[in-house]
Amino acid sequence: MIHITLPDGSVKAFEENVTPMDVAKSISEGLARNVISASFNGTTVETVTPLTTDGSLVLYTWRDDEGKKAFWHSSAHVLAQAIEELYPGSKLTIGPAIENGFYYDVDFGEHSISEKDAKTIEDKMLEIARGKHNFKMRSATKAEALELYKNNAFKTELIENLEDGTITFCDHSTFTDLCRGGHIPNTGIIKAVKVTSIAGAYWRGDETKPQLTRVYGISFPKQKELKEYLELLEEAKKRDHRKLGKELELFTFSQRVGQGLPLWLPKGAALRERLENFLKTAQKKAGYDMVASPHIGQKELYVTSGHYAKYGEDSFQPITTPKDDEEFLLKPMNCPHHCEMYNSFQWSYKDLPVRYAEFGTVYRYEQSGELHGLTRVRGFTQDDAHIFCTPEQLDDEFKNVIDLVLYVFTSLGFENFTAQVSIRDPKNPDKYIGDAANWEKAEQAIINATKDKGLDYIIEEGEAAFYGPKLDFMVKDALGRQWQLGTIQVDYNLPERFDLVYKGSDNEEHRPVMIHRAPFGSMERFIAILLEHTGGNFPIWLMPVQAKILSLSEKYENYSEKVLNLLENHEIRALVDHRNETIGKKIREAEIQKYPYMLIIGEQEEKENKITVRKHGGEDLGMISIDEFATIIKEDISKTLKSF
């Protein structure tokens, strides 16, 4: 007999060679119908894999991330079979599951393929899936594998890097593929597929290697789920921050300026400024001092911090000067500069904590193919702050930062989030700097503070920064997509590397603990996510223009200007549209540009010294006074923007 431990802690005894599916059936037939993958002792296995030792078993359904991974990995096999049958002679390379779906990189040889072929591929995949073919794993020798792929240089390259005894294949129907495992029971579970795009890709992501064709797809166990996904995609297209940024005249890019370097237009600059001022006000109340640092620093600064060793090869190349052996780098991070600011004074324990905050622009080189609107750029501004405190102050300071992050989320409508404690990968200690004892102290400090604040959290190994663990906030937007927003890091290492000290109550020198924090993270990325979350309908306190005054004709220009002045007295941001256009066109354009309120001015309004108010989206509030409108705006603001 062997003993199987289930996720709830219960232990069940089974005959040797029991399979995960057998275990599922022993629990309930309903569970067995839904199980599509499993892991045993942390290793992904098939639902029909014989279990021969005691161990821990986790069963996955479509609702689990690991279940989806197995589903989409299996679908990639079906895609590969469809391609082989439709385009004979094509050479398959690799086809993994990804966050949403899967892809397969293919050398189509003499065949030409484009988006118009998507339907043909989908139909062939569904035809194969309906055969309900079982996925079966088998081992092979290196010689057998090389013989099978003797005409495929891509697979041969993969096999040559594998050891004999570790090579496995997966068979289904008439198709075989080199594979490590992790499949659903059979193809029949796949009920709906969609080829989402066809693009170019270099073999193994290397621009010096052959170019392939990447076929992306996604699949579901129900047609209804595919329909819902495609509807979500359409909504995401409408909310794409690149599209909205252009429509709302927030930002642009220029090839002459350079890829990945956004240019903020007047409305976008006003939006940024308002976000900055919002956080500066909260920071001031929390005891932060604003600082400013240059956009470059000597190479030695980043060698000391460790950034050069970790990121130097992927950064912009050093800037040389007329002086021999003098090199500067574009600033990749603000923290080394803040460490040097701290070092410019002598500190006592009575002076701590010291809190430096800066909206500092940093630069990191990204491959051109990885750039994406504002979410992946080469120059971006961080709402960075660094707190230097005593070990005894660490817990309170960390909790205070959590409060600040939650205030930011609440004020901007991000209410659905989880906390992620990101710690070291114990299997890869070389990825990190500093000794293990300091890492353990930092990790435990984050876990304790997170528990005390009552946050639901998960622990993720391998997601820490190279110099310390962190608390990341994983936020879901209006479309249910998850983003990492807001991070707090505990760092015992940079104070060591920069020899930071303070004089304690014992009159001896001690090391401060450093907290890195950025509620927005990157201003560029934050605004992109906020745009897509709100669809451009920002909270009214944040809108660069809160109301647009639309006059029915030139006759009402003077009264329109009077209304504008009265609104300014109430600190309401407004613009006047004096153009000689129809009121219908003015309203349509104001709707596109997401102005929260449209104030229509005509003969009756002027006569009664009032305005007719229309909300974005079409709601008509009727004719009211300026004071009544000001009250509406203030109430709107008070719903989201609370005092910190």
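Guide: Ala, Val, Leu, Ile, Met, Phe, Trp, Tyr, Cys and Pro count as nonpolar, Asp, Glu, Lys and Arg as charged, and the others, Gly among them, as polar. The model is predicted, so local features need pLDDT of at least 70 and side-chain atom pairs pLDDT 80 or more, while totals for chains, interfaces and linings use all residues. Residues are numbered from 1 along each chain as its sequence is written, and side-chain values use heavy atoms, without hydrogens and water.

Visitor: How many cavities of 30 Å³ or more are there?

Guide: The rule first. On a 1 Å grid over the protein atoms alone, a cavity is a set of points where a 1.4 Å probe fits but cannot get out; a pocket is an open set with protein on both sides within 12 Å along at least five of seven lines; lining residues have an atom within 4 Å of a point. Points join across faces, edges and corners, and a volume is the space filled by probe spheres set on them. Here the count is 2 cavities of 30 Å³ or more.

Visitor: Which residues line the second largest cavity?

Guide: Its lining is Tyr302, His307, Tyr308, Tyr311, Gly312, Ser315, Phe316, Leu329, Leu330, Pro332 and Tyr363. The space inside is about 80 Å³. By class, the lining has 8 nonpolar, 3 polar and no charged residues.

Visitor: Which element gives the largest share of the lining of the second largest cavity?

Guide: Elements are DSSP runs numbered from the N terminus: helices are H or I, at least four residues, and strands are E, at least two. α11 gives the largest share, 3 residues. Both α11 and β19 (327–330) supply at least two residues of this lining.

Visitor: What lines the largest cavity?

Guide: Leu248, Leu250, Lys267, Gly536, Phe538, Met543, Pro544, Val545, Gln593, Lys594 and Tyr595 do. The largest cavity holds about 100 Å³ of space. Sorted by class, its lining has 7 nonpolar, 2 polar and 2 charged residues.

Visitor: Now an open site. What volume has the second largest pocket?

Guide: The second largest pocket has about 1300 Å³. It is lined by 43 residues, and Arg364, Phe380, Gln382, Lys470 and Gln484 are the closest to its centre. The classes split into 16 nonpolar, 15 polar and 12 charged.

Visitor: Which elements each supply at least two residues of the lining of the second largest pocket?

Guide: They are α11 (307–311), β21 (379–389), β24 (470–476), β25 (482–491) and β28 (513–518). β25 gives the most, with 5 residues.

Visitor: On to strands. In what sense do β31 and β32 pair?

Guide: Two strands pair if DSSP finds at least two bridges between them. β31 (residues 597–601) and β32 (residues 611–615) are antiparallel, with 4 bridges. Tyr597 has Lys615 in β32 as its bridge partner. β32 also pairs with β33 (residues 620–624), again antiparallel over 4 bridges. There Arg614 stands opposite Asp620 of β33.

Visitor: How many residues lie between β32 and β33 in the hairpin?

Guide: 4 residues separate β32 from β33. In the turn, Gly617 has a positive phi of about 105 degrees.

Visitor: How many salt bridges does the rule count?

Guide: A salt bridge is a side-chain nitrogen of Lys or Arg within 4 Å of a carboxyl oxygen of Asp or Glu. The count is 39. One of them joins Lys124 and Glu85, 3.5 Å from N to O. Lys124 lies in helix α4 (residues 118–129) and Glu85 in helix α3 (residues 65–86), so the pair ties together parts 39 residues apart in sequence.

Visitor: Is Lys124 buried or exposed?

Guide: Buried means under 20% relative accessible area, exposed over 50%, partly exposed in between (1.4 Å probe, protein chains only). Lys124 is buried, at 16% relative accessibility. Glu85 is partly exposed, at 37%.

Visitor: Which residue forms a salt bridge with Arg214?

Guide: Asp105 does, with the closest N and O atoms 2.7 Å apart. Arg214 sits in β13 (residues 211–220) and Asp105 in β8 (residues 101–107), 109 residues apart. Both Arg214 and Asp105 are buried.

Visitor: How many residues apart are Glu234 and Lys237?

Guide: They are 3 residues apart in helix α7 (residues 223–239), about one turn. Glu234 is partly exposed, at 42%, and Lys237 is exposed, at 53%.

Visitor: Which residues are linked in a network of salt bridges?

Guide: Arg272, Glu276, Lys280 and Glu524 form that network.
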